[in-house]
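Work through the exercises below with the structure in view. Try each task before you read its solution.

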2 protein chains.
Amino acid sequence: MAEKQRRKPGETRAKLMDAALTLVGKGRHFASLGIREVTRQAGVVPTSFYRHFRNMDDLGLQLVDELGLVLRRMMREARGNVLQADKLIEESVAIFISHAQSNRNFFMFMAQGLAGESRAVQEGIRSEMRFFASELGNDLRRLRLVDHLSDADLDITCDLVVRSVAFSLTDLLGVSGDDDYQVEQIRKRTTRFLQLIFVGAAHWDGKSGI
Amino acid sequence: MAEKQRRKPGETRAKLMDAALTLVGKGRHFASLGIREVTRQAGVVPTSFYRHFRNMDDLGLQLVDELGLVLRRMMREARGNVLQADKLIEESVAIFISHAQSNRNFFMFMAQGLAGESRAVQEGIRSEMRFFASELGNDLRRLRLVDHLSDADLDITCDLVVRSVAFSLTDLLGVSGDDDYQVEQIRKRTTRFLQLIFVGAAHWDGKSGI
DNA sequence: ACCTCTTGTGTACACTTGTTCACTAATGTG
DNA sequence: CACATTAGTGAACAAGTGTACACAAGAGGT
């Protein structure tokens, strides 16, 4: 009859966060999840929830923090694995797609949170994206690929890149995940987006052509 | 004691859709709305809901249809008001911002729906965006601004434009709406995004520079 | 003027929800 | 080892939920 088992500290906490992500992965929207539903999915009694979170928004915020870790891991892998500068975009997008696939639930949560109910979660995800964009800017500077761009223009460029990739998330999460053909299409399309943006950046002179 | 009043056919239907949008405008997420909540906001008895919609998803789908009308109105205005080709981007973005402001709730619903709970609503909004992109492509062709682009490349470009603008929605809806300074910042930034994309398109040769 | 269909109302019911409370087993520190 | 703290459990409750049903008022066609 479900004895107590407190094996490791914070195990239930992790189970709850996992449960929320699992439900999101099943197509539910985070904003529509309830405490009881999450605890049920986690196989835990409802009252346990309050030992770790004040409410669902709180859980959301802690998920954002973990999302930050996932994104940082992804950045690290991209930095380590992108060897040739001429395939930078292609390989980066591939790494992104691969991470989005293996952390599907996390990225689904991210896509939802951008227009979610909790202002705090929204701001948190937005802030992660800003960080991501600024790191991208640093990398491009270091590789001396954008010497002709002002800081402000580089900022715009990286922001646009990150947004485009983030938007591709909604494409990616819309297809079934093991539909290799569709995933490949999305990968190609996203790659082209970024190439288009970087061609624009390469020819940018501070004024518009149109 | 709340007599029957069926003045016009479909009045309650409109009240219910308005109520849902109002709640969304107040910061609620569509996925978290309930039937009773919506009817309460509409000042209507819960059972009336079923006279017009099968469930909340159904209401969402019908909202998407109306959203289509809003978008078409916006396109028409853009086509009529963009006079000088050299200010095409700037003026189009301005019109977009203005429409997004005056139909705030609708666009909020759109931003939410992109990563929403109902797959059908998601697909509906996505389809509206595709239509928008294709119309944009037609216009650019007609104005002979993209003669050097293949159909496929034009398609990519317009898609990227529409996505960037749509993403700006989440910026726009995050600020208070009468915060003119912030709105102006978003307008400028979105304009720059599009300019960057079009510079890229102007110099696009089917291969990437990076 | 009649009848029929549509639309809105009130009541009812079985469930689900968030949250509180008192209780208990495991844990780590002295 | 003793003890305080932490993290789990179960029962309880008031409030809210989706949905079904029977009924009534107005609209529209004949």
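A residue counts as buried if 20 or more other C-beta atoms lie within 10 Å of its own, and as exposed if 12 or fewer do. Anything in between is partly exposed. Keep in mind that this is a predicted model.

**Exercise 1. The overall build of chain A**

Task: Describe the secondary structure, the extent and the burial of chain A.

Solution: 
- Step 1. Count the elements. Chain A has eight helices and zero strands.
- Step 2. Read along the sequence. The pattern is α-α-α-α-α-α-α-α.
- Step 3. Take the extent. The C-alpha trace of chain A spans about 70 × 35 × 35 Å along its principal axes.
- Step 4. Apply the burial rule. Chain A has 210 residues, and 42% of them count as buried.
- Step 5. Look at the contacts. Take those in chain A with a separation of 6 or more: 65% of them join residues 24 or more positions apart.

**Exercise 2. Where the chains touch**

Task: Describe the side of chain B that touches chain A, and find how the two copies are related.

Solution: 
- Step 1. Count the residues. On chain B, 39 residues are in contact with 39 residues of chain A.
- Step 2. Find the helices. H5 (88–102), H6 (104–114), H8 (151–172) and H9 (180–202) of chain B each supply at least two residues of this side.
- Step 3. Pick the main contributor. H9(B) gives the most, with eleven residues.
- Step 4. Sort by class. The side of chain B that touches chain A has 19 nonpolar, 15 polar and five charged residues.
- Step 5. Superpose the copies. A rotation of 180 degrees, with 0.0 Å of shift along its axis, places chain B on chain A with an RMSD of 0.1 Å. The two copies are thus related as by a two-fold rotation axis.
- Step 6. Compare the surfaces. Both copies use the same surface, since 100% of the contact residues of chain B recur in chain A.
- Step 7. Find the residue of chain B closest to the rotation axis. That is B:Gly200, at 1.7 Å (C-alpha).

**Exercise 3. Buried or partly exposed?**

Task: Is B:Ile156 buried or exposed? Is A:Met129 buried or partly exposed?

Solution: 
- Step 1. Use its count. B:Ile156 has 22 C-beta neighbours inside 10 Å, so it counts as buried.
- Step 2. List its contacts. Beyond residues up to four places away in sequence, B:Ile156 touches A:Arg189, A:Arg192, A:Phe193 and A:Leu196.
- Step 3. Use its count. A:Met129 has 18 other C-beta atoms within 10 Å, so it is partly exposed.
- Step 4. List its contacts. Leaving aside neighbours within four places in sequence, A:Met129 is in contact with A:Val162 and A:Ala166.

Methods:
Residues are numbered from 1 along each chain as its sequence is written. Chains are lettered from A and ligands numbered from 1 in the order in which they are written. This is a predicted model: local features need pLDDT of at least 70, side-chain atom pairs count only at pLDDT 80 or more; totals for chains, interfaces and linings use all residues. Helices (H or I, at least four residues) and strands (E, at least two) are DSSP runs, numbered from the N terminus. Two residues are in contact if their C-beta atoms, placed from the backbone, lie within 7 Å. Ala, Val, Leu, Ile, Met, Phe, Trp, Tyr, Cys and Pro count as nonpolar, Asp, Glu, Lys and Arg as charged, and the others, Gly among them, as polar. Copies are superposed by least squares on the C-alpha atoms of residues with pLDDT of at least 70 in both.
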